[in-house]
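This briefing sets out the fold, the nonpolar cores and selected backbone features of one protein model. The points are grouped by topic for reference alongside the coordinates.

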Amino acid sequence: MRIRTKILSSHAVLATAVALICVVIIFTLQVSDVNRRQLSASYEQLRNIDLIATEANHFIEQIAELIIIGPQDADIYHAREMLRKHLSLQRTLVSSELDWLEDQEDRAGETVELTLIDRIETVLTELDQVYAQLATELAAGRRDQADALYRDEVENRLDDELGRLITQALERELHEVEHILAESARLSRQSVWLAIGVILIVTALGAGNVMMLNWTVLRPVTALAEAADAVGRGDLSHIVSTGSADELGNLAQRFNRMTSQIREQRDTLHRTNERLEAQVTERTAELLARSQEVEAVNARLREIDANRAEFFADISHELRTPLTILRGQAEVALRRRDAGPEALRETLEAIVRKAGQMGRLVEDMLFLSRSEHDSVTVEIQTVILQEVVADALLDTRALARSKGIVLAPQQPIDPVTVRGDADRLRQAVVIAIDNAIKFAPEGSAVAITLDGGGGRALIKVSDQGPGFSTEDSDRAFERFYRGKHERTGRGAGLGLAIVKWIIERHAGEVRIESIAGIGATIIFDLPFSLETS
């Protein structure tokens, strides 16, 4: 018998065993899937019936509260809608199960459940009517009639009927679940016996197949494998016995001829391999050196690109507010047709002053990109914080007026002085007020409070906007952080990072106090004396 015939016979035996296993698996999966779907559907319906019972009790309680505390339209509407929602969901679940159920007895049971749902909805409709009558009686001042109507129709009739119907539906689902679980146990026992039978049949077929392959195929192949191992160890004199006349015998003869040819080519291959290894080693070293050069260039390019992007982002963010102020002052001057030379002169002086501040800002932004190396200039001198706050209010009043925001400053009469850079501190306060105006509702107020008690100076900027979430409060001072909250979802994410940098350079700290949805307060905490390195 040829090897091909032997292998085909072995494959036929294996295919028969695999087909038998597949048939058993498919049958078991189909039965289990139907049972699983029934169990899942029954569980969902049972859970939903429990919710229906809960919402029904809530609905009855709301009707009772009508008698006790008066109309609660929002609560009764919510309770009724939730009850109808779960009834609708129960109808959908039952209808969906009917679509794929094939057993007529199971379909009849689900039809009965639909009837119970219809009856529950009928009772709910009657409860709506009674509720309307109760509201009418109470509105007319007929308390006794309302009490009697509630006692007769709701407490003694509809409540009991609704509870009875829900109990019936619940008992039917419990019975269905118990039936499905029993059916699952029966199927499991049958599957076990069926699996045992399949295992015995497959074992017998496999044992016969193994014996046949061992005598006709595996033993000659083992001899060839042993010869191959001998050749692998360098024994090129090993000879394979050619006892059979099939393909394996022919393969043994060819193997013997191959060993003789390998002996002749081995020395040539050794010499060729030595030359190739030397060439590969040389080329590998060259590629490694080139790869390291390319990686160094790429790292430098990424660093340059990151610095460029950060630089332009800072400039665009920090120039936006001064430009808005300049435009606001110019627009105000243009709208004042009766403005005299003195008023125009004041406006131009303010524009010139703001342009000078913008020039200073542009110069400082060039240093901000290198702030990690402490190379940005901070001019330390005695600063009166009332003047800093006043300048910031002048810079931002046009923005506040455009949104109808009232700026409400509160500060002590005695001067509050610190050691620091007045322009930098003014810049920090302007950014804080600008953010507060941006997120404050129109017509609200932004409070700016200065306090010099306790040995430290506190500047607080409060608004009535959406506030910060907990996550945003923790990360609001990170550069480029925008966050997901409404408060931090706008802008480039640089303003508060710049504020943090300025305050820390003045040996102070900045923090946020916020309640989401109510408002936020940014607090600058500065020492009266500044210690810098």
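A nonpolar core is here a set of buried Ala, Val, Leu, Ile, Met, Phe, Trp, Tyr and Cys residues joined through side-chain atoms within 4.5 Å. In this predicted model, the largest such core has 43 residues, and those with the most contacts inside it are Ile-433, Val-446 and Phe-524. The protein contains ten helices and seven strands.

**Overall description**

- Of the 533 residues of the protein, 35% count as buried.
- The accessible surface of the protein comes to about 31600 Å², and carbon and sulfur atoms account for 56% of that area.
- Among contacts between residues at least 6 apart in sequence, 74% join residues at least 24 apart.

**Nonpolar cores**

- Leaving aside neighbours within four places in sequence, Val-446 is in contact with Ile-405, Val-406, Leu-407, Ala-408, Ala-436, Ile-437, Ala-440, Val-461, Ser-462 and Asp-463.

**The five-stranded sheet**

- Five strands form an open sheet in the order β2-β4-β5-β7-β6, and the pairing is mixed.
- β2 (406–410) and β6 stand at the edges with a single partner strand each, so one side of each has no neighbour in the sheet.
- From one strand to the next, the twist averages 15°.
- α10 packs on the sheet and touches β6 and β7, and the direction of α10 makes about 135° with that of β6.

**Strand pairing and hairpins**

- β4 and β5 are antiparallel, paired over five bridges, and Thr-449 stands opposite Lys-460 in β5.
- The hairpin formed by β4 and β5 has four residues between the strands, and Gly-454 in the turn has a positive phi of about 75°.
- β5 and β7 pair in the antiparallel sense over eight bridges; Leu-458 has Asp-525 of β7 as its bridge partner.
- β6 and β7 also run antiparallel and are joined by seven bridges; Ser-514 has Ala-520 of β7 as its bridge partner.
- Three residues lie between β6 and β7 in their hairpin, where Gly-517 in the turn has a positive phi of about 90°.

**Burial of β7**

- Nine of the nine residues of β7 are buried.
- Burial extends to both faces of β7: Gly-519, Thr-521, Ile-523, Asp-525 and Pro-527 are buried on one side, and Ala-520, Ile-522, Phe-524 and Leu-526 on the other.

**Helix α3**

- Helix α3 (residues 104–139) has 36 residues, which at 1.5 Å a residue should span 52 Å; its end C-alpha atoms are 53 Å apart, in agreement with that expectation.
- The expected span is 1.5 Å times one less than the number of residues.
- Gly-141, which follows α3, has a positive phi near 85°.

**Backbone feature at Ala-507**

- Most residues other than glycine have a negative phi.
- Ala-507 has a positive phi, near 60°, although this residue is not glycine.
- Ala-507 lies in the loop between α10 (495–505) and β6 (509–515).
- The relative accessible area of Ala-507 is 36%; because buried means under 20% and exposed over 50%, Ala-507 counts as partly exposed.

Notes. Residues numbered from 1 in each chain as written. Predicted model: local features only at pLDDT ≥ 70, side-chain atom pairs only at ≥ 80, totals over all residues. Heavy atoms only, no water. Helix = DSSP H or I, 4+ residues; strand = E, 2+ residues; numbered from the N terminus. Buried < 20%, exposed > 50% of the residue type's maximum accessible area, 1.4 Å probe, protein only. Contact = heavy atoms within 4.5 Å. Areas by Shrake-Rupley, 256 points an atom, 1.4 Å probe, with all protein chains shown as cover. Pairing = 2+ DSSP bridges. Axes fitted to C-alpha atoms, helices over the stretch in contact; angles between N-to-C directions.
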